[in-house]
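User: I am new to this structure and would like a close look at one part of it. Please take me through the aromatic rings and what surrounds them.

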Amino acid sequence: MALMSPIVSRLARLLVIALCGLLAQVAVASAHATLNSSDPKDGAVVDAAPSFYALTFSEPVSPLSLRLVRPDGSSIPLDRFEVKDRTVEIAAPADLGRGTHVLSWRVTSADGHPIGGSVVFSIGLASSAPPLVGDQIDWAVRAGVLAGRIALYVGLFIGVGGAFSLCWLFGGSRSGRNVVAGTLVIGALGALGSVGFQGLDALAVPVTRIAEPMVWSTAMGTSLAHTVIAAFIAFAAAALALLKKGQFSRVPSLAALILAGAALSLSGHAAAAEPQWLMRPAVFLHAMAISFWVGSLAPLALALRRGDPAAVPGLRRFSTAIPLLLVVLIAAGAVLAIVQVEKPQALVDTAYGRVFLIKLGLLVGLSLLAAANRWRLTKPVVAGDGRATKRLVRSIAAETAIVLLIFAVVACWRFTPPPRALAAAAAQPATVHIHADEAMAFVQVMPGRAGDVTVSIGVLSGEFQRLDAKEVTLVLSKPDSGVEPFRRAAGRRDEATWRIDHMTIPLPGTWRVRVDILISDFDKVSLEDQISIRP
């Protein structure tokens, strides 16, 4: 320094002072406040709702926005808080229920930069059921879909089945012919209406747009079109059987019965289930058996009431055929129920299961009535007992009323996915592949719905080569719901895979996802994208 001139020495000292000042500014700039702790802790499950929340930061902060997001997605602004040095104490709402909540905060630190984050905690237990989303239901369209489906059942089961029984059990008797013809017309109208309302439902448009070609073309692009086409051919064959006489009527009536079974095996929840080689034949046989049984009721009752000579022989044939028919009906129905429901608990936990129980209750009542008819009334009626005949006619009318109720109940399955489908949908993962020049990450959330999940993160370099990461952190946020970012550190599973077990994603919807990959002490890559989480 002795060799330096006074001017150079002064400049050197100024340079050192300036450098120190610059370093000090950098240090201050990088020292944003961070959340050191919270009460309740992030990810905690508490027994009772806390009376207050506490957020402790690395330095004093000023709150900008504090809110609590409840399990149903609604949020509450938290206006009552007090800042004590580095801690913000917040008065908690008093009416919180069980489930996962998100304490979302946004504060400004000493440097004036706003920062935000979230604390996720659960009261009682983490939310496993999805928050209810207020879907817009068009009740007019829904009523039209149900009415069309019930009318279709009336045509396929009472109409087609009635035509078959008239030809095969009652020797072409005219008793009940007009009723059967009328139900075929109802079925045809129901099939036509089903197409229109299916299109409205598919496009989510009001009933006032039912005349638009797009509505009908959309419906005909679905699997329902196959059912409707087969049903119309079945109705035509059944009508032809009613017009024919003698043995010539049997062929079209048999073809109509087969087509009725085929129509219902071409669409619907059960027909779409796996294994197809089992489910479609089961639906086919189930529908044919129902059509035969139910279709025989009106012709039999009307023939008995009118004293038709074909009534007693027809009753004998029906009584002979019904045991085998019930075996087919019950066996096929059992197969369908086992595949669709999967677990007994689903009978009470799902809407599909509850509809099934109502149907089962009606079926038990119908079976008891049918058994009473068979064991107590059939023999006296065959012997010519007029009083027993009247009782049997009334009993058949009651059976028909129960059948119509079953049609209405079964039609509700149109809007209740079976537990099998719900379980398959819930098990599907949500994934996102984020690729940048420096690195890439494949994020997989299992299952891909709100609640307790496992997150797997595959990490590679931008050239799909091994990336020796030191740390991987997942950061999620949902600004549209007021959820500020919250982070979870992932644990290494192998060279390229990291995992987070038992992470709670509190809400369904589109989340912002960021993967922070620490490659070295001085090198970190952040990858950002969005991921869709199902309800």
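Analyst: Phenylalanine 164 is buried, because its relative accessible area is 8%, where buried means under 20% relative accessible area, exposed over 50% and partly exposed in between, with a 1.4 Å probe and protein chains only. This is a predicted model, in which local features need pLDDT of at least 70 and side-chain atom pairs count only at pLDDT 80 or more, while totals for chains, interfaces and linings use all residues. Residues are numbered from 1 along each chain as its sequence is written, and side-chain values use heavy atoms, with hydrogens and water left out.

Phenylalanine 292 is buried too, with a relative accessible area of 13%.

The structure holds 11 aromatic pairs; rings of Phe, Tyr and Trp (its six-membered ring) pair if their centres lie within 6.5 Å, and planes under 30 degrees apart count as stacked, over 60 as edge-to-face and the rest as tilted. The rings of phenylalanine 57 and tryptophan 105 have centres 5.1 Å apart and planes at 85 degrees, so this pair is edge-to-face. Phenylalanine 57 and tryptophan 105 are both buried.

Phenylalanine 164 and phenylalanine 292 also form an edge-to-face pair, at 5.3 Å centre to centre with 80 degrees between the planes. Because phenylalanine 164 lies in helix 2 (residues 139-168) and phenylalanine 292 in helix 8 (residues 276-306), the pair ties together parts 128 residues apart in sequence; helices here are DSSP runs (H or I, at least four residues), as are strands (E, at least two), numbered from the N terminus.

Elsewhere, Tyr153, Phe157 and Phe407 form one aromatic cluster.
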